[in-house]
Amino acid sequence: MRDALLGQVVDLLDSPLAVLDDGGTVVYTNDSWESLDATGTVPGAVTVGESCLLACEAIADETVTGRARESFEAVLTGDIDSTRVSYTTPGPATLGRRFHLRARRFETPDGEYILVEHPEVTDQYQVSRERDHYEQTLADVTSVISHDIRSPMTAALSWAELIDADPDTDSEQVARVTSALERMNAMADSSVTLARETGVDDVAPVELGRVAETVWTDIDVAGELVVEESDQLFADERTLEVLLEHLLRNAAQHGTRADDETDIESLTVSVGLFADGFYIEDDGAGIERSLRDNLFEPGVTTGAAQNHTGIGLAIVERAAEAHGWEVTAGESGDGGARFEITGVTRS
């Protein structure tokens with residue numbers, strides 16, 4: 001009864017499993033092993049009563065599966081007790097098929113046996129390769145933006161200052177050039193932040209109110225920050241700082257309408273908590289409804305395009321997603337903007 005139940009449980013496992021006797025002959029396989037379409041692999045599509053050692057010897061490709069085969073054969077012959085290797089089979093696909101091979105000897109009252117696990121991980125392997133390629137490409141682009149593009153922009157700004165010092169120069173025209181260069185420089189800064197500073201290395205308890213007040217002081221904008229309620233959140237402190245910096249700066253920069261004659265220092269930005277997260281809201285101009293659906297896409301801005309990069313809220317979303325949070329935009333009770341970050345865990 002116990003053996004039958006154990007066999008049923010093993011058959012339910014997705015990972016192909018086989019038990020070999022001391023000589024390498026298969027004595028048991030689960031359903032996943034039997035359905036494994038993996039000809040040309042180690043140990044191959046051998047079944048009960050067949051020798052894994054003979055299957056290994058039949059594999060001709062030395063370059064792709066050689067190391068895995070040799071390691072597995074060493075377990076079968078008793079030279080080593082266990083092995084854990086990965087290999088890719090040759091095939092028409094660009095990456096072929098990827099497998100993990102794990103084998104280890106174990107003893108029972110009936111004698112010594114070998115447990116073999118042979119899961120296919122092709123999909124995970126391809127995703128990993130694509131992620132590595134994406135990360136390397138992102139690092140290369142970020143390096144170009146940070147150094148190769150920023151240097152000529154800095155030089156151009158210096159030349160613009162020299163030209164503007166000439167009394168015969170049209171200062172208005174130079175000012176337009178300078179403004180465009182400064183915006184390009186700001187976009188370069190934001191792009192580098194988007195690429196480099198929106199990941200999460202480690203999370204620890206972080207006091208929301210303390211970080212918000214520190215960021216507000218650092219960005220040195222007009223208006224008043226009010227921390228209505230605070231608590232410790234599990235977060236990467238540096239990435240949380242980046243998120244709050246761009247939300248608070250966004251509130252200060254976009255909080256007044258062009259026709260609003262109210263002193264900007266009257267703007268109040270509030271930070272607080274609710275059941276599933278925290279919010280940043282202001283009593284300013286609010287967000288146009290037509291912008292809310294794509295507000296977090298790079299290039300979308302609630303202000304004048306010539307004055308802002310349109311990347312700040314994309315940075316906010318990436319920083320939130322890196323924590324497993326979600327950020328949404330809406331309207332505050334005073335008609336201003338309200339950003340809610342949900343999925344947050346408190347310590």
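Student: Is serine 15 buried or exposed?

Tutor: Buried means under 20% relative accessible area, exposed over 50%, and partly exposed in between, with a 1.4 Å probe and protein chains only. Because its relative accessibility is 16%, serine 15 counts as buried.

Student: What are the ground rules for the numbers?

Tutor: This is a predicted model, where local features need pLDDT of at least 70, side-chain atom pairs count only at pLDDT 80 or more, and totals for chains, interfaces and linings use all residues. Residues are numbered from 1 along each chain as its sequence is written, and side-chain values use heavy atoms, with hydrogens and water left out.

Student: Which side chain joins that of serine 15 in a polar contact of 2.7 Å?

Tutor: Serine 15 lies in the loop between α1 (2-12) and β1. Contact means heavy atoms within 4.5 Å; leaving aside neighbours within four places in sequence, serine 15 is in contact with Asn30, Ser32, Glu117 and Pro119. A polar contact is a pair of N or O atoms within 3.5 Å; within protein, one must be able to donate a hydrogen and the other to accept it, and residues adjacent in sequence count only if both atoms are side-chain atoms. The side chain at 2.7 Å belongs to glutamate 117.

Student: What is the strand order in the open sheet with antiparallel pairing?

Tutor: Helices (H or I, at least four residues) and strands (E, at least two) are DSSP runs, numbered from the N terminus. Two strands pair if DSSP finds at least two bridges between them. The five strands of this sheet take the order β2-β1-β5-β4-β3. The edge strands, each pairing on one side only, are β2 (26-29) and β3 (82-89).

Student: Which residue in β5 is the bridge partner of aspartate 21?

Tutor: Strands β1 (residues 17-21) and β5 (residues 111-117) pair in the antiparallel sense over five bridges. In β5, the partner of aspartate 21 is tyrosine 113.

Student: How many residues apart in sequence are the parts tied together by tyrosine 87 and phenylalanine 99?

Tutor: Rings of Phe, Tyr and Trp (its six-membered ring) pair if their centres lie within 6.5 Å; planes under 30 degrees apart count as stacked, over 60 as edge-to-face and the rest as tilted. The structure holds three aromatic pairs. Tyrosine 87 and phenylalanine 99 form a stacked one, 5.9 Å centre to centre with 25° between the planes. Tyrosine 87 lies in β3 and phenylalanine 99 in β4 (residues 97-108), so the parts tied together are apart in sequence by twelve residues.

Student: Which arginine lies over the face of tyrosine 279?

Tutor: A charge sits over a ring if NZ of Lys or CZ of Arg is within 6 Å of the ring centre and within 35 degrees of the ring normal. Arginine 98 lies over the face of tyrosine 125, at 4.5 Å from the ring centre. Over tyrosine 279, at 4.1 Å from the ring centre, lies arginine 338.

Student: Which strands are the edges of the sheet with mixed pairing?

Tutor: This open sheet has five strands in the order β7-β9-β10-β12-β11. Each edge strand pairs on one side only: they are β7 (224-227) and β11 (326-331).

Student: Which residue takes a positive phi in the hairpin of β11 and β12?

Tutor: Strands β11 and β12 pair in the antiparallel sense over six bridges. Threonine 328 stands opposite glutamate 340 in β12. The hairpin has five residues between the strands, and the positive phi, near 90°, belongs to glycine 335.
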